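Let's take a friendly walk through two packing arrangements in this structure. Have the coordinates open and follow along.

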Amino acid sequence: MTAVAPVGIRFHHGSLVVPAGAVHTTPLGYDRDSVPIGAPLPLAASAELVHRLSRCGEVVVAFEGKLGDTLLALSGVRSVLDWLRLRSVRVAVRAVGPYAGLIARTGLIRQPQATTPSGWRAVIGDRPGIEAHGSEAAVSLVLDPAAPPCWSTDGRAHPALPARHYLALERRLGIRLPATAPFAPTLATGPNNLVEELRSVGWLGGLNLAAITATSWPERKDYTAQRYITLAEHIAEAQQAQARLLLIGGNPDGSLRITAEAPRRHVQVLHLDGMPADHLADLFPHCHLIVGNDTGLTHLAAMARSRDGSSPPIIGLYARHSHSKWRTGLPHHHAVATDLSNRMHQGDLCPVRDAIAPDTNIHMDAFPPAALAQVCLELLNGVRQ
């Protein structure tokens, strides 16, 4: 971790290994590295859960809530499907709800159809998804981001939510599952008509930057379009290049709006509001750097991989919440965070859930664009690897 200025703002690399003794953790109860894949754990499995899952002929993946929570919880779906494969349980698997298309991009749903469906169904998802689709289920697994602790094993902490979800279910299912850190699945991307249109009019050439202004908590977690533009100007001037900045926001009415600002000296700005998540997944790999609020589209950017498996560096901005928990754990998904965010990380705390510093005035103005630009430049130039 390297200070970036001003004092109290720090950069946290996505590949940083957190020692178990440095943060508040819950021991997993076994050393994962010493247990062979598929072997029973030295902990009792949840007998009722194992019994019911073993008899299911169908698994329904149902998320209806926030995009970010959904993406970070997909590792929990991965753990159940990994367990079914190890147990040679043949089931039909399908995704429902607004994120079904994105979930299909992970490659998780590749199970063979059950030859003789038992009629028992398992539903995995968030609370709204379970409420919508779990009434006839033999077993429902709620992947609540507030539930799993920061696990530790083999001297290492696993603070990112994908690791928390995966390891929590591994413990309950009682078998060493195959996935290792970072546990989060990635999203396949491909050709997209809107992306090709942007390319044809010159918006995907030269130095391509993206900034995610969408947020579920604008009064506390929005860096603002103007700060992102100032950030892009610092980067472009230092690189002696004309930058193209894509400002990606939400749109309450769900409609897509694309508007361009008048060209500036170093930066051309294009606003993309209400762009569907599947289009954005195809767009993000065409950028050289992505900076975003602590929000679902930033997690989406981190999980989207180009066809050659590459991904640009992603920086999330964390003023209040833990910078480690609310990340994918992928090595190119970095954070710039305040001291408050780092204390939430160290104590495995949440300012909302635990009512810690609820009235603090630490918001997104803690990150001066000039200081943030220095971190971005070091990533772009390969200084931070």
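This is a predicted model: local features need pLDDT of at least 70, side-chain atom pairs count only at pLDDT 80 or more; totals for chains, interfaces and linings use all residues.

## Where two helices meet

On the H8 side, the residues involved are Arg227, Thr230, Leu231, His234, Ile235, Ala238 and Gln239. They meet Pro369, Ala370, Leu372, Ala373, Cys376, Leu377 and Leu380 of H12. Sorted by class, the contact between H8 and H12 comprises ten nonpolar, three polar and one charged residues.

## How the helices cross

Two packed helices are described by the angle between their axes and the distance between the axes. Here, helix H8 spans residues 225–239 and helix H12 spans residues 369–380. They pack at an angle of about 50 degrees, and their axes lie 9 Å apart. The crossing of the two helices is right-handed.

## A three-stranded sheet

Now turn to the strands. An open sheet is built from three of them, in the order E3-E8-E9, with mixed pairing. Its edges are strand E3 (26–27) and strand E9 (156–158), each of which pairs on one side only.

Strand E8, residues 151–153, runs antiparallel to E9 and is joined to that strand by three bridges. Within this pair, Trp151 of E8 stands opposite His158 in E9.

## The helix on the sheet

Which strands does helix H5 touch? Helix H5, residues 161–173, packs on the sheet and touches E3, E8 and E9. The direction of H5 makes about 70 degrees with that of E8.

Methods:
Residues are numbered from 1 along each chain as its sequence is written. Side-chain values use heavy atoms; hydrogens and water are left out. Two strands pair if DSSP finds at least two bridges between them. Helices (H or I, at least four residues) and strands (E, at least two) are DSSP runs, numbered from the N terminus. Contact means heavy atoms within 4.5 Å. Axes are lines fitted to C-alpha atoms, for helices over the stretch in contact, and angles run from 0 to 180 degrees between N-to-C directions. A crossing is left-handed if the near helix is turned anticlockwise from the far one by less than a right angle, and right-handed if clockwise. Ala, Val, Leu, Ile, Met, Phe, Trp, Tyr, Cys and Pro count as nonpolar, Asp, Glu, Lys and Arg as charged, and the others, Gly among them, as polar.
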